[in-house]
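Please look at the sequence and the model below before reading on. The notes that follow take up a few of the features that can be checked there, grouped by topic.

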Amino acid sequence: MEHTPRNVLVTGGAGFIGCNFVRHLLASDPDLRIVNLDLLTYAGSLDHLRDLPDPARHTFVQGDIGDRALIDTLLREHDIDTIVHFAAESHVDRSITGPATFVQTNLVGTFTLLEAARMAWFNDDHQAEQCRFHHISTDEVYGTLQRDDPPFTETTPYAPNSPYSASKAGSDHLVRAYFHTYGLPVVTTNCSNNYGPFQHGEKFIPTVIRSCLQQKPIPVYGDGSNIRDWLYVEDHCRGIETVIRRGRLGETYNIGGCNEWANIAICRLICQLLDERRPQQAPHERLITFVTDRPGHDWRYAIDAAKMDRDLDWRPLETFQTGLAKTVDWYLQRHAADPALITA
Ligand SMILES: NC(=O)c1ccc[n+]([C@@H]2O[C@H](COP(=O)([O-])OP(=O)(O)OC[C@H]3O[C@@H](n4cnc5c(N)ncnc54)[C@H](O)[C@@H]3O)[C@@H](O)[C@H]2O)c1
């Protein structure tokens, strides 16, 4: 059964993927309205929400997904029929030094949203089957792969290895339980690593680009052999919208780029793109520096996105070369406008 979102609550919409999704959805459907709930932690910024298409259809609310009274009010006052839940603590390194906020936001915060949706959508004013709770998760819940292992599918057993992935896995299980126990109309997507505009400076690809622009050492964990499967953020946003509209209730969908790269190879590719654009600084590769690996660093992630292709006719449009070129050019424009915008 197709779903037509009308009043959408996006959580974490001032963060990297959330702000790209808000832009995407406003541009894609002129008939929907968005309420964007974001706590504006270190990872979120109102700067990410400048120049939105048709901003009158977007309402920003600063607040915590763990604030039940606030969520109840938003669901009621804006007659929310669709929740797209991005808000999370998302950086693995931070989850190692400070796991408590990951449990609070990713697990307890998701629980609070599920409870609020259950109370709002199962009453006389609403027909729950005309609503959607879309939970955004990650491939990291599946653990790590060896070189010859097949990519993760939707039936791969969960084996999270960091406090970040464990807290996301726990939230996925709660979402699943709310479908099976209460019939809450949920869908979950597990996506591979994203890259593109507005990603926080602490993440890998922004760090490589920033180091090149600032002519500073490019830190690469271990020997740089760790492999991730990369997806351009706009492709992810299209995938999420597809699942919201046409995904089957209670299902999970893996979204990925079929695009596995070792970290060191990504560094070299970004360095080449910058050599072409700033030949006076070439070769940027001379900046690559290997640093001590993070504890429990998963070696390889890879997503099998065949279900998205087969069932929903979704596949990525960007190649890594075209997506990375767009990303590098976006950073160069920002750097030219104000170098202070490019921070860690
Ligand atoms: N970035 C990736 O490569 C990737 C890949 C797969 C899945 N995901 C998932 O996608 C989602 C978004 O990731 P991202 O990279 O955009 O993260 P991000 O860290 O850039 O943004 C997270 C946003 O959530 C907000 N937030 C944090 N705690 C909050 C709270 N308690 N209440 C309300 N808002 C809060 C932050 O202010 C921030 O704006 C996360 O759930 C993440 O697990 C990310």
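**Briefing on the model**

In the contact of α8 with α10, Leu-269, Ile-270, Leu-273, Leu-274 and Arg-277 from α8 meet Leu-324, Ala-325, Val-328 and Leu-332 from α10, where contact means that the C-beta atoms of two residues, placed from the backbone, lie within 7 Å. By class, the residues of this contact are eight nonpolar, no polar and one charged; Ala, Val, Leu, Ile, Met, Phe, Trp, Tyr, Cys and Pro count as nonpolar, Asp, Glu, Lys and Arg as charged, and the others, Gly among them, as polar. The model is predicted, and for that reason local features need a pLDDT of at least 70 and side-chain atom pairs count only at pLDDT 80 or more, while totals for chains, interfaces and linings use all residues. Residues are numbered from 1 along each chain, as its sequence is written. The helices (H or I, at least four residues) and strands (E, at least two) are DSSP runs, numbered from the N terminus.

**How α8 crosses α10**

- The axes of helix α8, residues 263-277, and helix α10, residues 320-337, come within 10 Å of each other and cross at roughly 55°, which makes α8 oblique to α10.
- Here axes are lines fitted to C-alpha atoms, for helices over the stretch in contact, and angles run from 0 to 180 degrees between N-to-C directions; under 35 degrees counts as roughly parallel, over 145 as roughly antiparallel, 65 to 115 as roughly perpendicular and the rest as oblique.

- The buried residues of α6 are Phe-204, Ile-205, Pro-206, Val-208, Ile-209, Ser-211, Cys-212 and Leu-213, and what covers them includes β7, β8, α8 and α10.
- α6 packs against α10 at an angle of about 50°, with the two axes 11 Å apart, and this makes α6 oblique to α10.
- α6 passes α10 in a right-handed crossing, and the contact is made by Ile-205, Ile-209 and Leu-213 of α6 together with Thr-327, Val-328, Tyr-331 and His-335 of α10.
- The residues in this contact of α6 with α10 are five nonpolar, two polar and no charged.

**The shell around the ligand**

- The ligand is surrounded by 30 residues, of which the closest are Gly-12, Gly-15, Ala-43, Gly-44 and Ala-88; a residue is near a molecule or strand if its C-beta atom, placed from the backbone, lies within 6 Å of it.
- The elements that give two or more residues to this shell are α1 (16-28), β2 (33-38), α4 (100-121), β5 (132-138) and β7 (193-195), and the largest share, three residues, comes from α1.
- By class, the shell around the ligand has 13 nonpolar, 14 polar and three charged residues.

- Most residues other than glycine have a negative phi, and most peptide bonds are trans.
- A cis peptide bond, with omega about -5°, joins Ala-282 and Pro-283, and Pro-283 lies in the loop between α8 and β12 (288-291).
- Phe-198 has a positive phi of about 75° although it is not a glycine; Phe-198 sits in the loop between β7 and α6 (204-214) and is buried, with 20 other C-beta atoms within 10 Å.
- Gln-215, in the loop between α6 and β8 (218-221), is not a glycine either but has a positive phi of about 55°, and Gln-215 is exposed, with 11 other C-beta atoms within 10 Å.

**Two further buried residues**

- Val-243 belongs to helix α7, residues 233-246, and counts as buried, with 25 C-beta neighbours inside 10 Å.
- Leaving aside residues up to four places away in sequence, Val-243 touches His-134, Val-187, Thr-189, Tyr-253 and Leu-312; the C-alpha atoms of Val-243 and Tyr-253, ten residues apart along the chain, are separated by 8.0 Å.
- Ser-90 is in the loop between β4 (82-85) and α3 (92-97) and is buried, with 23 other C-beta atoms within 10 Å.
- Ser-90 and Leu-74 are 16 residues apart in sequence and, C-alpha to C-alpha, 24 Å apart in space.

Note on methods: Buried ≥ 20, exposed ≤ 12 C-beta atoms within 10 Å, placed from the backbone. Left-handed = near helix turned anticlockwise from the far one by under 90°.
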